[in-house]
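Here are my notes on this structure, as numbered points. Please read them with the model open.

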Amino acid sequence: MSLRVHVDRTHCELHGQCVERVPSVFRFTDGGDLDHLAEAGDDLADDLADAQFLCPAQAIEVGPA
Amino acid sequence: MTAGPADSQAHRPPDRVVVVGASLAGVRTALGLRRAGFTGGVTLVGAEPWLPYDRPPLSKQVLLGEWTPDRTRLASAEQLAEQGIEVLLGDPAVALDEDGRRVLLDSGARIGFDALVVATGAAPRPWPFPTPASGVHDLRRLDDAVAIRDAFDTAPRVVVVGAGFVGTELASAAARRGLPVTVVEPRPDPLAAQLGTLAGTALLDLHRRHGVRFHTGHAVRAVHGGDRVSSVELDDGTLLDADLVVVGIGVLPNTGWLRGSSLELTDGIRCDGTGVATTNPAIWAVGDVARWPVAGHTEPRRVEHWTSAVEQAGIVAYNLVRPAAERRVTAATPYVWTDHYGLKVQLVGLAGADDESTVLHRSPDGERFVAVRHAGGRLSAALAFGMPETLPKLRTAVRSGASLTEATTLFGPATTDTDRYVVPRR
Ligand SMILES: Cc1cc2nc3c(=O)[nH]c(=O)nc-3n(C[C@H](O)[C@H](O)[C@H](O)COP(=O)(O)OP(=O)(O)OC[C@H]3O[C@@H](n4cnc5c(N)ncnc54)[C@H](O)[C@@H]3O)c2cc1C
Ligand code: SF4
């Protein structure tokens, strides 16, 4: 099984807490946009929950794929 | 049921955790306990009548009218109930019975605990003068933000006292609403304490371009008006006409209710890096009320940042359910942001007041830039002025204690996207 990852772009304020916490899923492009994998392995569930916790904009949604 | 001696506490999770302060740090601790697998009782006690809400949007989206106040909510009643968190709102804690392990609430209720988490935050520094009955506000609570937002509708002349983050964000919101705004600051170099002179000046210039006036180097001597405020008088005799005065002169930790306890309360509750109070192993503190160790600083200090509150809440929730040997300590680099006219200033690390600033990189139009703060050739902090994409690099550099020389190569010749891993875009 894997996890679906979604960032609500109308909420995201580019704090980069997710990039900091789970760099294998989230990154910034050189153009300054947030980019992320749409799916991630179950082994990242805890890290993704941390990223959700740390996102000041409450923009990250994680659910079953 | 007896509360065991301090060291048996370390091996068995507490039966009942009471969290005092139902805002960011408090609610995140309560929810974090469940995430960490805690099955005992959790009670969240709050002085304010509202469910936990987020403060950063108060001086940003709420003042601008972009968000209704309920969008600031951090947890719903259903979510808290679902997680088995008992919530007592509008009933501040007034005293702590340390030996009896009980918290006394204003209503007279006494709440027993095995572990107590203090998350009572901070409150605006009291204003030293008598003020007119209306037209003068702080900006800390939801009702403050709503009152100021509504006052904006009457086209007031706005005077902001104190050029910190909250005061200048408020100035930005007022200027965007087309209101005449004057900011008064006793220091000659507003925002320098927070950002350094270089970035502080850049932010001030941005404000000036949006029509905000600054009176620096002079303190307020009096606030005039009968029922309503009419003017603000500075110590050089300047009189500033005002219909709305907002005071943002800093905050003090809410520790009054803990007076007389063993806790070390000088500017916040002194804790070790796991979040436990230095004088009582059953008491923890998180967020704006707490003084935790900070990398690069010898004394623990309060960091009034959103991410610190959240990080500390996560650590304490984790540590509460574990024996002392498995506890985590804080490792995060402090991070804070502030929004002005749609531009975001982001700061990582904690600079000393006298640290120098060096610009590493500028946008082609010169309006946005990246700078580092440093002392003795080592980075203490870095800031992105309208360039959020540079943050990951800046964080790494600050965290690793990079030298200034190393930092200057961070934004060398532009790289293309292709030599980084590629992620499908949604
Ligand atoms: C307008 C504004 C804008 C901000 N913007 C930013 C920003 O852009 N970025 C950033 O990083 N940070 C920002 N901050 C700071 C950030 O909001 C705080 O760091 C954060 O709120 C700290 O959370 P806390 O839970 O520790 O404290 P608080 O949010 O202060 O909450 C403490 C709670 O405890 C309650 N309480 C107090 N005494 C008692 C008692 N005796 N019994 C029970 N309850 C009690 C209080 O009523 C309050 O609800 C801003 C703050 C404000 C006010
Ligand atoms: S932490 Fe949240 S706001 Fe920040 S970049 Fe990630 S999704 Fe966006």
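1. Start with a salt bridge between the chains: Glu13(A) pairs with Lys344(B), with the closest N and O atoms 3.7 Å apart. The rule for a salt bridge is a side-chain nitrogen of Lys or Arg within 4 Å of a carboxyl oxygen of Asp or Glu. Across the interface of chain A and chain B, 4 salt bridges are found.

2. A word on the basis: this is a predicted model, where local features need pLDDT of at least 70, side-chain atom pairs count only at pLDDT 80 or more, and totals for chains, interfaces and linings use all residues. Residues are numbered from 1 along each chain as its sequence is written, chains are lettered from A and ligands numbered from 1 in the order in which they are written, and side-chain values use heavy atoms, leaving out hydrogens and water.

3. Now the wider interface. 33 residues of chain A contact 31 residues of chain B (heavy atoms within 4.5 Å). The two chains bury about 2,900 Å² between them, 45% of it on carbon and sulfur atoms (accessible area, 1.4 Å probe, lost on being put together, summed over both parts). On the chain A side, Arg27(A), Asp30(A) and Phe53(A) lose the most area to chain B, together 25% of what that side buries.

4. Glu13(A) also belongs to the residues around ligand 2 (a heavy atom within 4 Å). Others there include Cys12(A), Cys18(A) and Cys55(A).

5. Turn to ligand 1. It is surrounded by 31 residues, and Arg140(B) is among the closest. An N or O atom in the Arg140(B) side chain is 2.7 Å from an oxygen atom of ligand 1.

Terms used:
Polar contact = N/O pair within 3.5 Å; in protein donor to acceptor, adjacent residues only side chain to side chain.
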